[in-house]
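This report goes through one protein model, from single residues to the whole chain. The sequence and structure come first.

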Amino acid sequence: MCLPSRKKHNAVMGSATPEAWLLSPWKQDPAQPWGLRLLSRWHHTLPLVATVLTWLATGSTMSSLNKWIFAIHNFRYPVLLSSLHMLTAVVVGRPLARLQARGSGHPALQPKARLQVFLLSVTFCSSVAFGNLGLNHVQLDFAQMVYTTTPLFTLTLSELLLGKRHHPLQYLAMGPICLGASLSIVGEVHFNQAGCCFLFAATFLRGLKSIQQSTLLQEEHLDSLRLLCLTSLPSFCLLFVAALGMEVGSAWEGLLAYEASLWTCVLLSCLGSVLYNLASFCILSLTSALTIHVLGNFNVVGNLLLSHWLFGSHLTLLSYAGIALTLLGVVMYHHSERIATCWRSRAGAAKKE
């Protein structure tokens, strides 16, 4: 599942120019024979596509499973659930990291990198906790509407904090992405002020978290599995202490009274969170913080279908129109340079005529 970061791609991602930022890490040498170029392209593309599909599938499934835990089983400990997600990442990730590092080892982190890892842990656990708190108060479809604004936060923060410049069409693509995803679920909104505040806090922190992850993966050259292990243990400690103080300090009897079916769902949710976070780290090591959130809008489609199937939400014509707008925005974002080149060539041809 973990795809290795490429030094060439790291250099490209560190550039501040839009042209360099849009280059692919698997760009082939044109001097190669056609067959070798095709084989090389599939060799690098298929693992990335498989990782993206895994990330999308686990993201949709985990959101619905968490909502099922809160809505159907009436589980009232969202921060505790978030801490269990982090504990599972520690239990599963550390043995895998040891196997991966056997024979090669890992260089010690510099003090600056350690501080960055701790700050990422704080952002990481806060975003997960606020997201679960929000799901405890609102419907899944409303949560997805709020989450679709994440690319806006990420694009703004990447420009303010990292000084990255983006193609104008990428800014323009944010309009149909966010508007389309909002339209797709506007008929199913159940507003709750507290839940809305939690979700917007989680959305802002998700954007900040992706930028922090991208910096550590591409500039500090950490691999995805090691970064997940480094951030999970501090996140678990922070979340578990918060859960003890806020949720279960005086309610252990109520916690233990839940049925075994609930704990099965909790275990599946925890395992899904590990796979989701690991896949997201792998994608970030190869692409960018903004790209992963733009791709994340495809989760809207999966969550709408699961929300309809599990919780009785209904898709309308407006929902289908919103889905189409979202996908249009995703295409605009990923092919902004190609679209601009096509427009320039057509404008030049029109002037010549």
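The model is a predicted one, in which local features need pLDDT of at least 70, side-chain atom pairs count only at pLDDT 80 or more, and totals for chains, interfaces and linings use all residues. Residues are numbered from 1 along each chain as its sequence is written, and side-chain values use heavy atoms, with hydrogens and water left out.

Ser210 has a relative accessibility of 3% and counts as buried. The classes are buried (under 20% relative accessible area), exposed (over 50%) and partly exposed (in between), with a 1.4 Å probe and protein chains only. Between the C-alpha atoms of Ser210 and Phe124 there are 9.1 Å, although the two residues are 86 apart along the chain.

Lys209 also belongs to helix α9, which covers residues 193-218. Its relative accessible area is 12%, so Lys209 is buried. Leaving out residues up to four places away in sequence, Lys209 touches Leu120, Thr123, Phe124 and Ser127, where a contact means heavy atoms within 4.5 Å.

## Phe200

Helix α9 also holds Phe200. With a relative accessible area of 38%, Phe200 is partly exposed. Apart from its neighbours within four places in sequence, Phe200 contacts Val146 and Thr149. The C-alpha atom of Phe200 is 7.7 Å from that of Tyr147, and 53 residues separate the two along the chain.

## Aromatic pairs

The whole structure contains 6 aromatic pairs. A pair of aromatic rings is described by the distance of the centres and the angle of the planes. Rings of Phe, Tyr and Trp (its six-membered ring) pair if their centres lie within 6.5 Å; planes under 30 degrees apart count as stacked, over 60 as edge-to-face and the rest as tilted.

Phe75 and Tyr77 make an edge-to-face pair, at 5.3 Å centre to centre and 65° between the planes. Phe75 is buried, at 0% relative accessible area, and Tyr77 is buried at 8%. Phe236 and Phe240 make a stacked pair, at 5.5 Å centre to centre and 25° between the planes. These two residues are 4 apart in helix α10 (residues 224-248), so about one helical turn separates Phe236 from Phe240. Phe236 counts as buried at 17% relative accessibility, whereas Phe240 counts as partly exposed at 28%. One aromatic cluster is formed by Phe75, Tyr77 and Trp263.

## A nonpolar surface patch

Which residues make the nonpolar surface patch of about 580 Å²? They are Leu87, Val91, Val92, Leu96, Leu99, Leu267 and Leu271. Patches are made of residues with over 30% relative accessible area and no salt bridge; like charges are joined within 9 Å, and nonpolar side chains (Val, Leu, Ile, Met, Phe, Trp, Tyr) within 5 Å.

Helices α4 (78-101) and α12 (260-286) each supply at least two residues of the patch. The most comes from α4, which gives 5 residues. Leu267 is located in helix α12 and is partly exposed, with a relative accessible area of 49%.

## Salt bridge and annotated segment

The count of salt bridges comes to 1, a salt bridge being a side-chain nitrogen of Lys or Arg within 4 Å of a carboxyl oxygen of Asp or Glu. It joins the side chains of Arg344 and Glu337, at 3.8 Å from N to O. Glu337 is partly exposed, at 27% relative accessibility.

An unreviewed UniProt entry places the feature "transmembrane region" at residues 317-336; such annotations may be inferred rather than shown by experiment, feature names are shortened, and positions are in the numbering used here. In the model, residues 317-336 are 95% helix and 0% strand, with the end C-alpha atoms 28 Å apart.

## The chain as a whole

The protein chain has 16 helices and 0 strands. Of its 353 residues, 49% count as buried. Among contacts in the protein chain with a separation of 6 or more, 87% are between residues 24 or more positions apart.

The accessible surface of the protein chain is about 17,000 Å², and carbon and sulfur atoms account for 68% of this surface. Accessible areas come from the Shrake-Rupley method with a 1.4 Å probe; for residues, only the protein chains shown count as cover.
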